[in-house]
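Please read the points below with the structure open beside you. They are meant as a colleague's note.

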Amino acid sequence: MSDSMANARPATACGEAPRPPEGARVATREQLAHWTRSLDCIHCGLCLSSCPTYQVTGRENASPRGRIYLMRAVAEGRLEPDASYTQALDECLVCRNCETACPSGVRFGELMEFARDEEKKRVPPRGLAGFVERIAFRHVLPKRRVLGALLGALRLYQRSGVQTLVRKSGLLRRMAPQLAAREALLPAIPSRRERGPLLERYPAHGERRATVGFLTGCVMHPLMPEVHRATIRVLNEQGFDVVVPSSQGCCGALHFHFGHADEGKELARANLRAFLREPLDAIVNNSAGCGAAMKEYPHQLEGEEAQRFATLVRDVSEFLVERGLRPIAPGRKLRVAYDEPCHLIHAQKISAAPKQLLRAIPGVELLPFEGQESCCGAAGIYNLVQPALANAILSPKIAAIAKVQPDVVVTGNPGCLMQLRNGLAAAGLAIPVKHPIELVP
Ligand code: SF4
Ligand code: SF4
């Protein structure tokens, strides 16, 4: 059978659902749903030029079309999943640039997350890397105390002078270059006091307009507590009561992206319980990745509660613009470069709201730059597991930012914040990177 015939949409009688061919590995309802969705790809190739990994490698297997072809071939039993299949899956950022470009409405993110989960179940990650991955996804990200202890140890490493010694001696670079590259990405860990828990409730200033729940997430609060405090401050000043349920947890986004769907679903259920206990007008978050995952809980969980939860979820810029902004006090004059997080622009289709929020701040001038809508290569922990590709994807963005010389770069996702900070620092550019909400005086 030729490739084009093998990948053609199966012919069916009018109105009949397509059926997988004989020998297909399509046994469950979920497998059937994802195989059927893979048929939406008409192989037009319009997504290729917007795919960061295809742009960098030029390989069809590193493109959306190629990856869908492989997923479908595996599902239909025409291809044995091997190392090159795993590589094609692993190299994807799940940035979903391809979804924006696709004229056929392919839900690529869902296809990729499902394929990764199937693959992880078929061949659980082995060796030291597999052990670290299991510990991270099962015992660190979902457990605030364990994560806190780990961050405490890392802060000690940074503050005791050991980090300076390790970096200056170059020993780690010589003995374990891959580990050294990852160590270089470690952000400065805030103090224990700064990482301390938030209150359960923060009252609105002036007349109360609504009550919102606030997602603190897993790593965002301990790594960037200033962004959470700024978000709560602005919401209060804009007239919103903010409720921070203490029983909430990680949103599960990283788990879904990296093939740990069962654990992700458990976390999603816990968040439904935490946030749906009391009437809320919205569930606000300030992380593009978390927001996208929470809006898509109904893809992961059945039932009315997941639907109800998802309809309440709003990115903070989306929420403030939707509700109408109270006048913002003038701040100092700032030339601002806004980098669009993939999970805001491509997964949630939100591009105008953060810019509207920024333009509403007196003194802010927005500087457009080339590639501001493209991926920065952070993609959760992608920059840790695929550092070479992540750097190649990041480089043109850093060069484009350098050209416009902003006073500050802003972006609404913790992974992108850290990736841009590292990229700018490595290029010797002393440009701060902040969350847009931090610019509201
Ligand atoms: S999600 Fe991103 S990296 Fe993956 S195929 Fe689509 S555009 Fe390419
Ligand atoms: S644009 Fe859509 S339909 Fe066309 S090849 Fe890419 S994923 Fe397939």
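The points below take up a helix pair, a ligand shell and a sheet.

1. This is a predicted model, in which local features need pLDDT of at least 70 and side-chain atom pairs count only at pLDDT 80 or more, while totals for chains, interfaces and linings use all residues. Residues are numbered from 1 along each chain as its sequence is written, and chains are lettered from A and ligands numbered from 1 in the order in which they are written.

2. Helix α2 (residues 29-38) packs on helix α7 (residues 108-122) at about 135 degrees, the axes being 10 Å apart; helices (H or I, at least four residues) and strands (E, at least two) are DSSP runs numbered from the N terminus. Axes are lines fitted to C-alpha atoms, for helices over the stretch in contact, and angles run from 0 to 180 degrees between N-to-C directions. The contact (C-beta atoms, placed from the backbone, within 7 Å) involves H34, R37 and S38 of α2 with E110, L111 and F114 of α7.

3. Around ligand 2 there are 15 residues, of which C41, C44, C47, R65 and C102 are the closest; a residue is near if its C-beta atom, placed from the backbone, lies within 6 Å. The largest share of this shell, 3 residues, comes from α4, and α4 (64-75) and α6 (97-101) each supply at least two residues.

4. An open sheet of 4 strands runs in the order β7-β6-β8-β9 with parallel pairing, where strands pair if DSSP finds at least two bridges between them. Because β7 (364-366) and β9 (433-434) are at the edges, each with a single partner strand, one side of each is left without a neighbour in the sheet. Strand β6 (residues 334-338) pairs with β7 over 3 bridges, and V336 has L366 as its bridge partner in β7.

Terms used: Two residues are in contact if their C-beta atoms, placed from the backbone, lie within 7 Å.
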